[in-house]
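Please read this briefing alongside the sequence and the coordinates. The points below are grouped by topic.

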Amino acid sequence: MSDDNLENDDVFGSEILDLEAFNQLLSMDDEGDEDHEFSRDIVDNYFDQARGTFSDMDKAFAAKDLGKLSSLGHFLKGSSATIGIKKVQECCKHIQYLGKLQGANGEGVVEAEEALRLIWLEMAKGKEEYQKAEEFLRFFYEADPGDEDEDDDDDDED
């Protein structure tokens, strides 16, 4: 295993990431690419996609659109699994089931109002877990979470 891969004893990373899935993503980077350009692009796209999906979930929740919430949960669950962001994946799985008026683990039946209440809680937890994952991954890729545009032209002063 290369030094760039996360080790299984990385406690913080293993709390946030499915390390096997994330290491598979890292293995797709070109050999010797210390910037991890390929995986970084995938992760950056995930960040944009997740923020947009959470925003769409907020709108669907306001409209009490359980079908849309289920669909969005399914979509973000898959994207999160690709990166290995396991806690967001888990919350989205629960949203997917609850949107179908099933229990959070896909078993049993829940009433619409109870499903919405539980979806609200899962959305809050999912957003919180997303923030942790974004902070961790931006740290991993050595990017500043508040600086999406890299304007480092201040070095021109002689």
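Contact here means that heavy atoms lie within 4.5 Å of each other. By that criterion, and not counting residues up to four places away in sequence, Asp29 touches His36, Glu37, Phe38 and Ser39. The model is a predicted one, and its protein chain holds six helices and zero strands.

**The chain as a whole**
- Of the 158 residues in the protein chain, 39% are buried, and the chain exposes about 9600 Å², of which carbon and sulfur atoms supply 45%.
- When contacts between residues at least 6 apart in sequence are considered, 59% of them join residues at least 24 apart.

**Asp29 and its surroundings**
- Asp29 sits in the loop between helix H2 (19–26) and helix H3 (37–62).
- Although Asp29 is buried, it has no salt bridge, and the nearest side chain of opposite charge, that of Arg40, is 8.2 Å away.
- A polar atom of the Asp29 side chain does, however, lie 2.7 Å from the backbone nitrogen of Ser39, a residue of H3 that is itself buried.

**Helix H3**
- The 26 residues of H3 should span 38 Å at 1.5 Å a residue, and this agrees with the 38 Å that separates its end C-alpha atoms.
- The buried residues of H3 include Val43, Tyr46, Phe47, Phe54, Met57 and Phe61, and the buried residues of this helix pack against H2, helix H4 (66–83), helix H5 (86–99) and helix H6 (112–140).
- Just after H3, Lys64 takes a positive phi of about 55°.

**Salt bridges**
- A search of the whole structure finds eleven salt bridges, and one of them joins Lys127 to Asp58, with the closest N and O atoms 2.6 Å apart.
- Because Lys127 lies in helix H6 and Asp58 in helix H3, this pair ties together parts that are 69 residues apart in sequence.
- Lys127 counts as partly exposed at 28% relative accessibility, and Asp58 also counts as partly exposed, at 31%.
- Glu129 is buried, with a relative accessible area of 9%, whereas Glu128 counts as partly exposed at 45% relative accessibility.
- A network of salt bridges links Asp44, Asp48, Arg51, Glu134 and Arg138.

Notes:
Residues are numbered from 1 along each chain as its sequence is written. This is a predicted model: local features need pLDDT of at least 70, side-chain atom pairs count only at pLDDT 80 or more; totals for chains, interfaces and linings use all residues. Side-chain values use heavy atoms; hydrogens and water are left out. Helices (H or I, at least four residues) and strands (E, at least two) are DSSP runs, numbered from the N terminus. Buried means under 20% relative accessible area, exposed over 50%, partly exposed in between (1.4 Å probe, protein chains only). Lys and Arg count as positive and Asp and Glu as negative; His and the chain ends are not counted. A salt bridge is a side-chain nitrogen of Lys or Arg within 4 Å of a carboxyl oxygen of Asp or Glu. A polar contact is a pair of N or O atoms within 3.5 Å; within protein, one must be able to donate a hydrogen and the other to accept it, and residues adjacent in sequence count only if both atoms are side-chain atoms. Accessible areas come from the Shrake-Rupley method with a 1.4 Å probe; for residues, only the protein chains shown count as cover. The expected span of a helix is 1.5 Å times one less than its number of residues.
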